[in-house]
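Here is a walk through one protein chain, meant for someone meeting it now. Have a look at the sequence and the model, then read on.

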Amino acid sequence: MTLWRCMGWAALCCSLSAPSLADTHHFTCEVAYLPTRSTWEREVAIEVLQDNPVRVVIDGVQAHSFAVDGAQLLTAIDNERIVLDLDALSWQSDFRGMASGQGRCNMSNP
């Protein structure tokens with residue numbers, strides 16, 4: 001059993017039967033930010049190769065690094081620390097304690 005399937009990422013990896021090339025999964029997240037009370041649509045692309053994430057792109061910007069913790073993918077872009085929970089399909093983020101974001105994600109077509 002592969003690492004991703006053990007972590008509960010079945011929804012993300014179930015389409016990978018014999019991965020020889022990377023498969024990209026796209027998500028659209030509606031994120032509400034406080035204290036500004038604004039809502040932003042965030043686009044996320046996760047490239048998966050042999051059941052392992054190899055690239056994360058948020059709003060067209062590639063994350064320099066990311067980590068996987070259970071069903072969560074953790075990364076940061078432009079001082080925004082981001083946690084994507086792919087089991088719950090949710091987004092949580094923090095701008096160094098000055099603002100925070102929370103929202104729901106849906107799988108989308110590229």
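## The core and what surrounds it

The largest nonpolar core has 17 residues, and those touching the most other members are Cys29, Val44, Ile46, Ile58, Leu84 and Trp91. A nonpolar core here is a set of buried Ala, Val, Leu, Ile, Met, Phe, Trp, Tyr and Cys residues joined through side-chain atoms within 4.5 Å. Buried means under 20% relative accessible area, exposed means over 50%, and partly exposed is in between (1.4 Å probe, protein chains only). At least two residues of this core come from each of β1 (23-34), β2 (38-49), β3 (52-58), β6 and β7. The top contributor is β1, with 4 residues.

Take Ile46 from that list: leaving out residues up to four places away in sequence, Ile46 touches Asp23, Thr24, His25, Phe27, Pro53, Arg55 and Leu86. A contact, by the way, means heavy atoms within 4.5 Å.

Residues are numbered from 1 along each chain as its sequence is written, and side-chain values use heavy atoms, with hydrogens and water left out.

The pLDDT score is the predictor's confidence in each residue, from 0 to 100. For the protein chain the mean is 85, with 81% of the residues at 70 or more. Where pLDDT is low, the predicted coordinates should not be read in detail.

## The overall layout

The protein chain has 2 helices and 9 strands, and from the N terminus on they run α-α-β-β-β-β-β-β-β-β-β. Helices (H or I, at least four residues) and strands (E, at least two) are DSSP runs, numbered from the N terminus. Of the 110 residues, 34% are buried. Among contacts between residues at least 6 apart in sequence, 38% join residues at least 24 apart.

The 9 strands make an open sheet with antiparallel pairing, in the order β4-β3-β2-β1-β9-β8-β7-β6-β5. The edges are β4 (61-62) and β5, each with a single partner strand, so one side of each has no neighbour in the sheet. Two strands pair if DSSP finds at least two bridges between them.

## Zooming in on β6

Strand β6 is residues 72-77, with Thr75 among them. On one side, β6 runs antiparallel to β5 (residues 66-69), joined by 4 bridges. Here Val68 stands opposite Leu73, and Ala67 faces Leu74. The hairpin of β5 and β6 has 2 residues between the strands, and Gly70 takes a positive phi near 65°.

β6 also pairs with β7 (residues 80-85), in the antiparallel sense over 6 bridges. In that pairing, Ala76 stands opposite Arg81. This hairpin has 2 residues between the strands too, and Asp78 in the turn has a positive phi of about 50°.

A polar atom of the Thr75 side chain lies 2.7 Å from the backbone oxygen of Ser65. Not counting residues up to four places away in sequence, Thr75 touches Ile58, Ala63, Ser65, Phe66, Glu80, Arg81 and Ile82.

## The aromatic rings

The structure holds 2 aromatic pairs. Rings of Phe, Tyr and Trp (its six-membered ring) pair if their centres lie within 6.5 Å; planes under 30 degrees apart count as stacked, over 60 as edge-to-face and the rest as tilted.

| Pair | Centre to centre | Angle of planes | Type |
|---|---|---|---|
| Tyr33 and Trp40 | 5.9 Å | 70° | edge-to-face |
| Tyr33 and Phe95 | 6.0 Å | 50° | tilted |

Tyr33 lies in strand β1 and Phe95 in the loop between β8 and β9 (100-108), so their pair ties together parts 62 residues apart in sequence. Tyr33 is buried at 7% relative accessible area, whereas Phe95 is partly exposed at 28%. Tyr33, Trp40 and Phe95 form one aromatic cluster.

Key
This is a predicted model: local features need pLDDT of at least 70, side-chain atom pairs count only at pLDDT 80 or more; totals for chains, interfaces and linings use all residues. A polar contact is a pair of N or O atoms within 3.5 Å; within protein, one must be able to donate a hydrogen and the other to accept it, and residues adjacent in sequence count only if both atoms are side-chain atoms.
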